[in-house]
Each structure stands twice: as C-alpha cells, then as structure tokens.
Amino acid sequence: MGEIDDAIERADQEAFTRQPPKTLQARINFLVKQLKTTKAVAQEIGVSQRSVERYRKGERKHPPQAIAERIDAAVRARWQPQVRKRRRKQAATTRGITVETRARFGYTAPIGTTDDGRFRRLTVHLPAVYAQRLFNARDAGASDQQMRQIIAEGFKDIYFQDGGNRALGLTDVTLNDIDYLDLDY
C-alpha cells in the first residue's frame with residue numbers, strides 16, 4: 001500500500017462508531033461470520049484451517065505476532081463497512097476532505113518567480129470534488145503517484161491559487177518527499 005492508501009485506511013478507522021472485537025476468539029468468530037467458512041478465513045490470514053478452528057474454540061490464544069497482525073488487519077478491513085461508506089459519501093458530496101501533510105511541494109511558475117520546491121507543513125480543506133476524485137481513483141486501483149497528483153491539484157487550486165484569487169500563472173504543482181500525510185473526512 002502507498003502513503004495515500006494508508007492515510008485513507010487510518011481515516012476510515014477513526015470513523016468507527018464501535019471498536020472492533022478485542023479478543024482473538026471474537027475476532028476469528030467475526031471473520032468466520034464475514035467470510036462464511038474457516039477455510040476462507042485460513043486463506044485470508046495465511047494459516048491452516050485447523051489453526052483457525054483452534055483459535056475459534058479458544059484452544060490457542062496467542063498466535064505469532066505476524067499472524068496476529070494479519071488477523072487484526074483483516075478484521076479492521078471488514079469492520080463497519082456501512083459507517084465507512086456513509087462517511088466517504090458525505091465527504092464526496094458535501095463535506096470534502098482535510099489533508100494535513102509535511103512534504104516538498106514543487107511547481108512550475110512564470111519566469112521571474114521562484115519555482116524552487118521546499119518543505120511545507122500544510123493543513124488544507126479540499127472541496128468534495130477532490131474527495132470524490134480521490135475515492136474514485138482508489139477504487140479504480142490508481143497508483144499512489146496518481147492519488148498524490150489529485151491532492152496536489154487540490155492544493156494548487158485551494159492553497160496556492162486561493163480559488164483563483166492569486167498565483168494564476170502557477171501550474172503543475174507536485175507533491176514529493178512526503179514526511180507524513182493524514183486525511184480526515
């Protein structure tokens with residue numbers, strides 16, 4: 001996963017209205033309910049079907065760290081899909097998305113002005129149209145670079161050009177060397 005995918009996942013998890021199951025047995029039972037069979041759960045987390053059955057019965061309570069992390073990721077990926085769907089729909093239609101980042105921004109500017117990229121720490125609220133483009137790109141399997149470009153275009157329009165009030169000659173804003181990136185919607 002790329003940085004943008006990770007940020008979207010974190011934002012989704014912050015939207016949970018209830019916390020996912022805590023115990024191993026409850027997590028496995030949740031996965032079995034979602035995936036329908038212990039065999040499907042075993043394939044999802046990379047263990048044998050018998051191991052899943054042991055976790056489910058409580059015979060094994062402490063899987064290796066790597067397997068515990070895969071179980072956690074599988075549960076979180078399936079937890080409260082309606083809540084996530086509703087939040088994304090609101091972001092894409094009305095609320096928009098807030099992007100907080102520290103990254104190097106580069107851009108093409110008219111002659112006589114500086115176009116040197118530099119690190120900036122920005123928190124910018126992008127309109128719903130950018131959230132919609134970002135979610136559509138992610139669902140279509142876009143690369144991290146393509147999703148960065150959508151965010152960079154939003155920063156160009158909203159932050160650098162202030163909605164068309166300044167820096168009109170500015171073109172091709174790029175988002176490079178991301179130190180961190182966080183989304184909220």
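Predicted model: local features only at pLDDT ≥ 70, side-chain atom pairs only at ≥ 80, totals over all residues.

Trainee: Let's zoom in on Ala91. Buried or exposed?
Mentor: Ala91 counts as buried, because its relative accessibility is 0%. Ala91 sits in helix H6.

Trainee: What is Ala91 in contact with, leaving aside neighbours within four places in sequence?
Mentor: Gly96, Ala128, Ala131, Phe135 and Tyr185. Take Ala131: 40 residues separate it from Ala91 in sequence, yet the C-alpha to C-alpha distance is 6.1 Å.

Trainee: Step back a bit. How many helices and strands does the protein have?
Mentor: Eight helices and three strands. From the N terminus on, the order is α-α-α-α-α-α-β-β-α-α-β.

Trainee: What share of the protein is buried?
Mentor: Of its 185 residues, 41% count as buried. The protein exposes about 10200 Å², and carbon and sulfur atoms supply 48% of that area.

Trainee: New topic: H1 and H8. At what angle do they cross?
Mentor: Roughly 70°, with the axes coming within 8 Å. H1 covers residues 3–14 and H8 covers residues 144–160. That angle makes H1 roughly perpendicular to H8.

Trainee: Which residues touch there?
Mentor: Glu3, Ile4 and Asp5 of H1 meet Asp144, Met147, Arg148 and Ile151 of H8. The contact divides into three nonpolar, no polar and four charged residues.

Trainee: Next, H3. Which of its residues are buried?
Mentor: Thr38, Val41, Ala42 and Ile45. They cover an arc of only 100° around the axis, so they are on the same side of H3.

Trainee: Why would spaced-out positions end up on one side?
Mentor: An α-helix has 3.6 residues a turn, so residues three or four places apart point the same way.

Trainee: What do the buried residues of H3 pack against?
Mentor: H2, helix H4 (49–57) and H5.

Trainee: And what happens just after H3?
Mentor: Gly46 takes a positive phi of about 80°.

Trainee: Which residues other than glycine have a positive phi?
Mentor: Lys36 is one of them, with a phi of about 80°. Gln80 is another, with a phi near 50°. Most residues other than glycine have a negative phi.

Trainee: Where are those two?
Mentor: Lys36 is in the loop between helix H2 (24–35) and helix H3 (38–45). Gln80 is in the loop between helix H5 (65–78) and helix H6 (81–95).

Trainee: Take Lys36 again. Buried or exposed?
Mentor: Lys36 counts as exposed, because its relative accessibility is 65%. Gln80 counts as buried, because its value is 10%.

Technical notes
Residues numbered from 1 in each chain as written. Heavy atoms only, no water. Axes fitted to C-alpha atoms, helices over the stretch in contact; angles between N-to-C directions. Helix = DSSP H or I, 4+ residues; strand = E, 2+ residues; numbered from the N terminus. Parallel < 35°, antiparallel > 145°, perpendicular 65-115°, else oblique. Contact = heavy atoms within 4.5 Å. Nonpolar A, V, L, I, M, F, W, Y, C, P; charged D, E, K, R; others polar. Buried < 20%, exposed > 50% of the residue type's maximum accessible area, 1.4 Å probe, protein only. Areas by Shrake-Rupley, 256 points an atom, 1.4 Å probe, with all protein chains shown as cover. Arc of directions from axis to C-beta.
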